[in-house]
Structure formats: structure tokens, C-alpha cells
Amino acid sequence: SVPNNLYILGTMNTADRSIALLDTALRRRFRFVEMMPDAESLRGTIINGVNLGELLIAINDRIERLYDREHTIGHAFFLKCETFDGLRDVFEHEILPLLQEYFYDDLEKINRVLNRNGFLSVEKWTDDEANDEKEIFKINESALRKSENYRKIYEKKSE
């Protein structure tokens, strides 16, 4: 048994369908309280002119429209950001890879989530043998180093 004054808190990403059986088993045994991303916890947090609350709201609004609400980005990614280098690191090593996983093989959708802010650059590639032209998206490392590109995610609405 568990003492009355002991609470067990756990988190789980509902987007991960590989643990569906575990999810079902846990739901039979415990009470669940949904905790969606909380942009309010970031309101007023500004790093190099980048408003983290507005940034999270803009990203999640687009993810919800292009994918679903179960794949929105949690506020915890940004809680550890204390400097611009920390924000850049979170984007480069956590958020962009997560978006690449969500929108696998459709980098145009990632570009839309980021409001075409320059984090992705487009290269045209032509296959002369097949007479075919493709657009290839790549992460623009220099764009990640400019705070104005983070503000572009929420300042102008291109969609």
C-alpha cells in the first residue's frame, strides 16, 4: 500500500503509440490529469528579445493545425533556457529533430511551423537523367544564431 501523504507523479507523451498497452494498464490503475503545454508559465520570459511564451503558442498553433494537438511542444523544453545559446541549443538539438520526426519526409510543413523564418534553407536539385527537379531543405546553421529569426516564428503570420 501507499501512505496517504505520498503522491506519485508521472508524465507520458500520448503521441508515443508504441506504449499503448502500458498506457491502457496505467489508466485502469491511476487517475490521470491532462497537462497540455503551458505557455503562461513562460509569459514574460524574454531572451535576446525573444518572447518564449509567444514562441511556444505560435509553434503549437501551427503543429495543431498541420498535425494534431497530441504532438504539441511542451513548455518544459524552454524552462531550461536561460541564455540565447541555451535557446539555440534547444532548437538545434531538441525541437528541430522532434519536428523532423513528426513531419518525416515533409520538410515544407516544418518550414510552415517555423513560419518560414529561415531555419530551413531550400536548395534546388536537378536529376538530369530523370529530367526531374526537387527542392531539398537543410537546416541553416547561421540562421539559428540570429535572435530575429526566432521572433519571426511569432511576429508575422504567413499562413
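These entries record what I looked up in a predicted model, namely its nonpolar core and its salt bridges.

**Entry 1: core.** I began with the largest nonpolar core, which has 35 residues. Leu52, Leu55, Phe78, Leu87, Phe91 and Leu99 touch the most other members. I then listed the elements that give two or more residues to this core: α2 (52-66), α4 (84-102), α5 (107-113), α6 (141-144) and α7 (147-155). Of these, α4 gives the most, with nine residues.

**Entry 2: Phe91.** I looked up the contacts of Phe91, leaving aside its neighbours within four places in sequence. The partners of Phe91 are Leu55, Ile59, Phe78, Leu96, Pro97, Leu114, Phe119, Leu144, Tyr150 and Ile153.

**Entry 3: salt bridges.** A search of the whole structure returned eleven salt bridges. I noted Lys80 with Glu94, whose closest N and O atoms are 3.1 Å apart. Lys80 lies in the loop between α3 (76-79) and α4, and Glu94 in helix α4, so this pair ties together parts that are 14 residues apart in sequence. Glu94 is partly exposed, at 24% relative accessibility.

**Entry 4: a pair inside α4.** I next examined Glu92 and Arg88, whose side chains form a salt bridge at 3.7 Å, N to O. Both residues lie in helix α4, four residues apart, about one turn of the helix. Glu92 is partly exposed at 22%, and Arg88 is partly exposed at 22%.

**Entry 5: further pairs.** Arg116 and Glu108 form a salt bridge with closest N and O atoms 2.6 Å apart. Arg116 is partly exposed at 38% relative accessibility, and Glu108 is partly exposed at 28%. Finally, I recorded a network of salt bridges that links Glu34, Arg69 and Glu70.

Technical notes. Residues are numbered from 1 along each chain as its sequence is written. This is a predicted model: local features need pLDDT of at least 70, side-chain atom pairs count only at pLDDT 80 or more; totals for chains, interfaces and linings use all residues. Side-chain values use heavy atoms; hydrogens and water are left out. A nonpolar core is a set of buried Ala, Val, Leu, Ile, Met, Phe, Trp, Tyr and Cys residues joined through side-chain atoms within 4.5 Å. Buried means under 20% relative accessible area, exposed over 50%, partly exposed in between (1.4 Å probe, protein chains only). Contact means heavy atoms within 4.5 Å. A salt bridge is a side-chain nitrogen of Lys or Arg within 4 Å of a carboxyl oxygen of Asp or Glu.
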